[in-house]
Amino acid sequence: MSDTTLPQQARGVIIGAGIVGCSVAYHLTKLGWRDVVVVEQGPLFETGGSTSHAPGLVFQLNPSKTMTSFARYTVELWRQLELDGEPCAKSVGSLEVAWTQERLTDLKRKAGYGMSWGVEAHLFSADEARSLIPMLSDRILGALYVPSDIQTKATRPAEAMAREAERNGATFYSNVKVTGFTVADGRIAAVHTTRGDIKTDLVVAATGIWAPKVGGLADVPIPLSPMQHLYAVTTPLRELAGATEDISQPFLRHQDEAMYFRQVGECYGIGSYQHEPLLVDANDILDHEEAPVAPAEMPFTPPHFEKAMAAAGEVLPSLKGVGLRRKFNGLFSFTTDGFPVLGESPQVRGFWSAQAVWITHAGGVGKAVAEWIANGEPTSDLRECDIRRFHPHAYSRSYVRARAAQQYREVYDIIHPRQQIANPRNLRLTPLYTRQRELGAVFFENAGWERPQWYAANEGLLDSLTVTGAARTGWEAREWSPTIAAEHVATRERVALFDLTPFAKFEVTGAGSLAALQRLTTNQMDKPVGTITYTSMLTPRGGIK
């Protein structure tokens, strides 16, 4: 780790030495890359970004297999890492408690995710949960216990990965601020910093809350918003008097009240999403020399914590009336759909993003991005996280702020897989939209398009056709109608008209077109002129694009 003069050239430059930048450097050098330069605008490794203030709770289970895989790998990696002979993580497990019957049912679904995604998870009774955290209220209905979840002080695995990366050919520089880029013929050619320029054709931006600002220097839009999040640590609790470890109890999520908790020695840490989103523009974040504490720590706003304290006293009665000794509004990133922004920019070649990544997923994300860079394509399905998933409307400031704020509100909500966004809507309408609406179309949003899922005008088909599979109840019946089954039968037995305006369309002409399409696609393309073929496209290794 160096404060010396920056090199004039590098194979790759990573911007940001938080947990994500360190993870990318660690995994790139593991794959044989040398001459990797990591520049950090703050100190190493208490950078002043989100990594520095994170409470370090790694919950693995997620409805997304991709995100669960990121977290599971993160846990495996950090359990192996040591810094100065001390472990970088502690396996304390986690409890998610149910305050409502709906939440208890959702925890059962989560246990199913665990079984599917390879994460051990157990449904506990209220008494079993209280055996792990005796302070828990007797009002809880049950809990989900994941014994392998870990707690870490995120700067420790960051530094441990950085040291290993340095041994393998990376160099880290502190107090280096990126001021711009040279882009030649649509590709990165150099990085400009306050300590000189570095020629390179590959940059990985791992700047977190600064992502829109740094991306803007290269005309690469990164659709995320920094968000304030309230966190506080209580004064000592009688029930934890004499505690000799920083954390021994499982950490706790009370998602019905949008809160999480962790033991901090004789005290308790409380994090709350139970307030209206407090958005911050990336350009308004204070520099290190201006920030009273750190750029990612803003002054605590007590009115936004009042509901949280009341709810804390309900689920953990020992917290009623307790004082708060450390409190702040920490900044971290929210995207428009809750997933990270990963991959090479479609606007500027050689500009890679590893942004909007929580501590929970940093190990897995670093591995995935490094493999993608080194091998030319990711070794796992990253479609949910791919930077290229955003359409032009999703880059507008109003859209990013509206959707990021809603993601914050819903972070612990029970979300049905087909639940639709309420706002903004009607951004992209096909020429048939007015007629579809007249027919009673129920629209789902996809890539900004309003696309009919079924029509009220077709409800009568249920009486005139023999329809099976039209009975559903409860969770599986949400965002669904039996009319869909009738429309399927009518399509097979009669005739149907579909509006394909939102579908991707490519025109391929010239010698070798058929051979190229046969290689690129999964279906048989050698059909007579006028034939329509529905097909997927493939990656070089045969994965679905």
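Reader: Let's go with strand pairing: how many bridges join β16 to strand β20, and in which sense do they run?

Author: Strands of a sheet pair through backbone hydrogen bonds, either parallel or antiparallel. Two strands count as paired here if DSSP finds at least two bridges between them. Strands themselves are DSSP runs of E with at least two residues, helices are runs of H or I with at least four, and both are numbered from the N terminus. In this case, two bridges join β16 to β20 (residues 278–279), and the strands run antiparallel. Gln228 has Leu278 as its bridge partner in β20.

Reader: Before we go on, what should I keep in mind about the model and its numbering?

Author: It's a predicted model, where local features need pLDDT of at least 70 and side-chain atom pairs count only at pLDDT 80 or more, while totals for chains, interfaces and linings use all residues. Residues are numbered from 1 along each chain as its sequence is written, and side-chain values use heavy atoms, with hydrogens and water left out.

Reader: Good. Which other strands does β16 pair with?

Author: Strand β22 (residues 324–335) pairs with β16 in the antiparallel sense over eleven bridges, and there Gln228 has Leu331 as its bridge partner. Strand β19 (residues 267–272) is antiparallel to β16 too, over four bridges. In β19, Ile270 is the residue opposite Ala232.

Reader: And the side chains of β16: are they buried or exposed?

Author: In a regular strand the side chains alternate between the two faces of the sheet. Buried means under 20% relative accessible area, exposed means over 50%, and partly exposed is in between (1.4 Å probe, protein chains only). From β16, Leu224, Pro226, Gln228, Leu230, Ala232 and Thr234 point one way, Ser225, Met227, His229, Tyr231 and Val233 point the other way, and all are buried. Eleven of the eleven residues of β16 (residues 224–234) are buried, so the strand is largely enclosed by the rest of the structure.

Reader: Now the rings. How many aromatic pairs does the count come to?

Author: The rule is this: rings of Phe, Tyr and Trp (its six-membered ring) pair if their centres lie within 6.5 Å, and planes under 30 degrees apart count as stacked, over 60 as edge-to-face and the rest as tilted. The count comes to 20 aromatic pairs. Take Tyr231 and Phe328: their ring centres are 5.9 Å apart and their planes are at 55°, so this pair is tilted. The pair links distant parts of the chain, with Tyr231 in β16 and Phe328 in β22, 97 residues apart. Both residues are buried.

Another tilted pair is Tyr260 with Tyr273, at 6.3 Å centre to centre and 55° between the planes. Tyr260 lies in strand β18 (residues 259–264) and Tyr273 in the loop between β19 and β20, so the pair ties together parts that are 13 residues apart in sequence. Tyr260 and Tyr273 are both buried.

Reader: What about charges over rings: which ring does the charged end of Arg109 sit over?

Author: A charge sits over a ring if NZ of Lys or CZ of Arg is within 6 Å of the ring centre and within 35 degrees of the ring normal. Arg109 has its charged end over the ring of Trp475, 3.5 Å from the centre. Likewise, the charged end of Arg253 sits over the ring of Phe59, 3.7 Å from its centre.

Reader: Last stop, strand β24. Which strands pair with it, and in which sense?

Author: Strand β15 (residues 203–205) pairs with β24 in the parallel sense over three bridges, and Val204 stands opposite Trp352. Strand β23 (residues 341–344) pairs with β24 in the antiparallel sense over four bridges, with Trp352 as the bridge partner of Glu344. The hairpin of β23 and β24 has six residues between the strands, and Gly350 takes a positive phi near 85° there. As for burial, five of the five residues of β24 (residues 351–355) are buried: Phe351, Ser353 and Gln355 on one side, Trp352 and Ala354 on the other.
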